Amino acid sequence: DVPKATKPRGDSDGPRRSSLCDRHCAAINNVQGDLGDLGCHLHRPRIPPAVSPSSCCQQHSDEVCESCVVKTTLTAENVVEANKLSNNYKFGFKKWKSHVTARPWEDRSEIVKELYSDLNVIRGSGGSTVTCGNILYLLLFGWWLSFLYVLVAAMMFITVVGAPYGQLCWNLAGYFLWPFGKVIQKEEVPKSRRALGACEAGAEPSGVGESSALLGGPVPCRWRLRCWVDAGYWQRAGTVAWLCLGYPALVLAHGLVCVTAWLLVVLIPVAKLSARTATRVLLLPPERVLIRRLRMTEVPLEGEVILCCYRAVNPYYYKYAVDGINVFAVNLLPLVLVTLVLGYVDSHNRLTSSPVKFTLALLSIMPLSYYIGMAIASISAQSNFAVGAVVNATFGSITELTFYITALIKGSREGNRCYAEIVKSALTGTLVGCVLLVPGLCMVIGGIRHQEQRFNSRSAGVGSALLFLSVGGVFAPTLFSKVYGKLVCGECHNVTQNPLGHYLCHNCHFDLMENNGTLYYSHVQPLVYTVSLLLPAAYLIGLFFTLKTHSHIYDIHISDCHMPGHHHSAVVHWSRWRALVILLLSTLCMSACADLATEHISPILTNSTISQYFIGVTVLAMVPELPEIVNGIQFALQNNLSLSIEIGNCIAVQVCMLQIPILVLFTIFYPTNFTLVFSDLHVYASMFSVVLMNYIFMDGKCDYFQGTVLVMVYFILLAVYFFAPSPSGC
């Protein structure tokens, strides 16, 4: 698309002060990249050549800076995509990278077009076919598939009647040993043979069965044997022998190759090759299948080209989608079914152990998180603002809340405090990971492609302010208990053998239940309930501020593409009802997987030498967030770091302002061991992470070095959690 020059705002926006002018002048140098595969383009604002940023701001220090106050323009193919893009920049809405509508074919790059093309296109000379990917095919599939064709060919030759199919299998054995640079054609039957073939069926051949004064009637059919060979294909004995002996074995082999290659993703061309062979080539009459080398073939070829493969490996297949669903999410969907079957059928662990079931349940959460995210994005893009806000608020944190609630219920039934500590560790791990790891990875990976990346410091400042408020509110009961609680230790030893000397104590904690819990029930618990009411209220105020009264801080304008060849009719991947059904089913499966994960986590907590803090902070916290991390990295690669930062900030704010108050509300109706009092390690790690993040985001620009700092600090904190002792009572 040709970038559109954005127009300055009119005078109706009111006077602007020099500080706002300076910010917009600085934003002009922000090189915002093309959103590329997203199908929408983020255009850089343009300034008249006669006005430079410095002179502009000097001339309008106290007046309106009309040349600098501009909006970033996003263009989309249709209204639904425009709504999705607009929702990406709304605070509290899920940020989604993939398309929710089908992109016009002509708008796609040649690389993406090749992913969806059939293997029947003959290209020009593409260089040597001896590549690492093709050799990998030979080692994985080619040699044994060719050997199987040789065995089937021998078997068909033994049957005598299946000799033509034996010859076909012999030819295909050489083809599948190295199919690259070769072509399989369907030979066209000459018209004379088609006419004779129609005789046996009683049909009148065109131009032959017409009556005439000389002939006095239709021309009789001769050469009945030749007619029977072509017309009675499915009645021949050789075909019956082929369908009973040779074809089933080859179909099973090609099915195995197809499934294996599809799961490996980069070998999807091999999967297409096998699928097309099983469904087309092996069902053709053997005399109509021709196998030729491309160097011996003249273009154009006579007859239909069925297979023509050049490369076995294509690294760009990570972009491949089926009905709008990424290929990795499609491949992981059977894992969910396997997890549910093993988890609920093999309840006594006869087939698999508890650690295996826990791992499967945790991995199944990833594709379900993807489906929930895409369903939310699809519904929001096709609905009005109110419906989108309700759906995002209701299901935006459903993945994490499902696991937390099931863990608390199991801990309450067993009377085990470890589950409550695991939930606190997971909450802290999500907060720290979204503040340090998510933006840090995006800065590093995006900084490799772009030397310096800029983002909207005002929108990031709003998220940072809410994050400061939320962290202060969440840890207020903890700080209160440290001040007024009584320190109780499990065992103490006198190091110096002197009654007045130093003592070494273990398993120390602040006792809040002294004097029948007067401190907790009279002071700490009311403070927890107060904070749990104030934090959601602050979240709603933040939504009203960013979406209503001060929405201009994002400086985003969405417009449709008006380029020739663009189609404005939206063909959505998932309709609203389909997305709603998928959302509900994914939520139910998510609840089942979370129940299995909490059911089988006990052996890991009791038998593992790793600290329970580390398990909660890493595995339980970050695995459900992997789809969000991938989205953030994709935005950063397209030089749209603002959305990458918003993803981390939004999740962190929702953890503090929505998820924790919901857990507190849940404990009111279903008493559990969960109290809003965290360990010192959680408090220090969270506060230090938030302070560091605000320092990094202060100037509105970053590079890979600053991202490396965030990632390194995150791994240092992980090392601290790894070597930390387990919580008391676990």
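This is a predicted model: local features need pLDDT of at least 70, side-chain atom pairs count only at pLDDT 80 or more; totals for chains, interfaces and linings use all residues.
Biologist: Which strand holds Gln453?

Modeller: Gln453 belongs to strand β8, residues 453–454.

Biologist: Which backbone oxygen lies 3.0 Å from a polar atom of the Gln453 side chain?

Modeller: That oxygen is the one of Ala636.

Biologist: With which residues is Gln453 in contact, leaving aside its neighbours within four places in sequence?

Modeller: Among them are Cys442, Met443, Gly446 and Gly447, together with Ala636, Asn639 and Leu641. The list also includes Gly700, Lys701 and Cys702.

Biologist: Let us turn to a strand with two faces. How are the faces to be read?

Modeller: In a regular strand, side chains alternate between the two faces of the sheet. For β3, Lys182, Ile184 and Lys186 lie on one side, with Val183 and Gln185 on the other. Both faces are covered, and these residues are all buried. Strand β3 spans residues 182–186, and five of its five residues are buried.

Biologist: In what sense does β3 pair with strand β4, and over how many bridges?

Modeller: The two strands run antiparallel and are joined by five bridges. Within this pairing, Lys186 stands opposite Val289 of β4.

Biologist: How many bridges link β3 and strand β5?

Modeller: Five bridges link them, again in the antiparallel sense. Here Gln185 faces Val305 in β5, a strand covering residues 304–309.

Methods. Residues are numbered from 1 along each chain as its sequence is written. Side-chain values use heavy atoms; hydrogens and water are left out. Buried means under 20% relative accessible area, exposed over 50%, partly exposed in between (1.4 Å probe, protein chains only). Helices (H or I, at least four residues) and strands (E, at least two) are DSSP runs, numbered from the N terminus. Two strands pair if DSSP finds at least two bridges between them. A polar contact is a pair of N or O atoms within 3.5 Å; within protein, one must be able to donate a hydrogen and the other to accept it, and residues adjacent in sequence count only if both atoms are side-chain atoms. Contact means heavy atoms within 4.5 Å.
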